[in-house]
Amino acid sequence: MEPTFNGKPGDLIEIFRGTYQHWAVYIGKDEVVHFTTEGGQSSGSFERPSSRAEVKREKLSDVVGHHPFKVNNLLDEEYKARDPYVIVKEACEMVGRVLKYSLVSYNCEHFAIEMRYDKAESRQIQTAGLITGAVAVGVLAALGAVLFSSLSGKEEKKEEEEDYRKKRRRHHQHWH
């Protein structure tokens with residue numbers, strides 16, 4: 001038996017599509033409003049970093065397909081959610097609009113969060129930015145270690161060469 005969906009109008013739906021999540025706004029009666037790129041690709045997809053996308057109203061089951069999903073009103077602790085009636089009304093008014101899509105500045109998660117909280121944010125992108133930043137710091141630290149090791153190795157080599165020259169001079173002076 002399938003688990004019962006317990007979404008309420010105005011809830012955010014997070015759909016897990018492998019390497020990314022797609023987001024939609026539940027409007028009731030098994031329908032969602034979501035922001036999706038032309039050709040039906042999810043706006044959470046990393047395939048097209050910048051393009052045009054359309055706000056669509058579709059059956060939840062059609063948008064979800066075979067992917068797992070859940071209600072995730074992720075910012076309710078941080079922000080006050082708008083009234084469900086307002087969320088649904090404004091989401092439905094957006095249907096059919098074609099907007100500039102940007103993976104970084106306005107994707108499906110930005111759209112869904114904006115509908116619920118009146119603030120366009122993407123935790124996926126913030127998390128990706130933190131991970132990218134951490135990787136960059138790690139790479140810089142590794143390069144620094146290699147450079148330091150290389151420089152200190154050169155210093156050691158210089159010292160060895162200097163010691164060798166001194167010994168040769170002493171040895172040379174001793175025999176003359």
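The protein exposes about 11,400 Å², and carbon and sulfur atoms supply 56% of that area. The areas come from the Shrake-Rupley method with a 1.4 Å probe, and for residues only the protein chains shown count as cover.

A word on the source. This is a predicted model: local features need pLDDT of at least 70, side-chain atom pairs count only at pLDDT 80 or more, and totals for chains, interfaces and linings use all residues. Residues are numbered from 1 along each chain as its sequence is written, and side-chain values use heavy atoms, with hydrogens and water left out.

Now the fold. There are 4 helices and 6 strands. These are DSSP runs, numbered from the N terminus: helices are H or I, at least four residues, and strands are E, at least two. The order is β-β-β-β-α-β-α-β-α-α.

Of the 176 residues, 35% count as buried. Buried means under 20% relative accessible area, with a 1.4 Å probe and protein chains only.

Take helix H2, residues 84-94. Which of its residues are buried? Ile87, Val88, Ala91 and Met94. Down the axis of H2, they fall within an arc of 125°, so they line one face. The arc is taken from the directions from the helix axis to the C-beta atoms. Just after H2, Gly96 has a positive phi of about 95°.

Next, Met115. Leaving aside neighbours within four places in sequence, Met115 is in contact with Val25, Arg82, Ile87, Glu90, Ala91 and Met94. Contact means heavy atoms within 4.5 Å.

Notes
Buried < 20%, exposed > 50% of the residue type's maximum accessible area, 1.4 Å probe, protein only.
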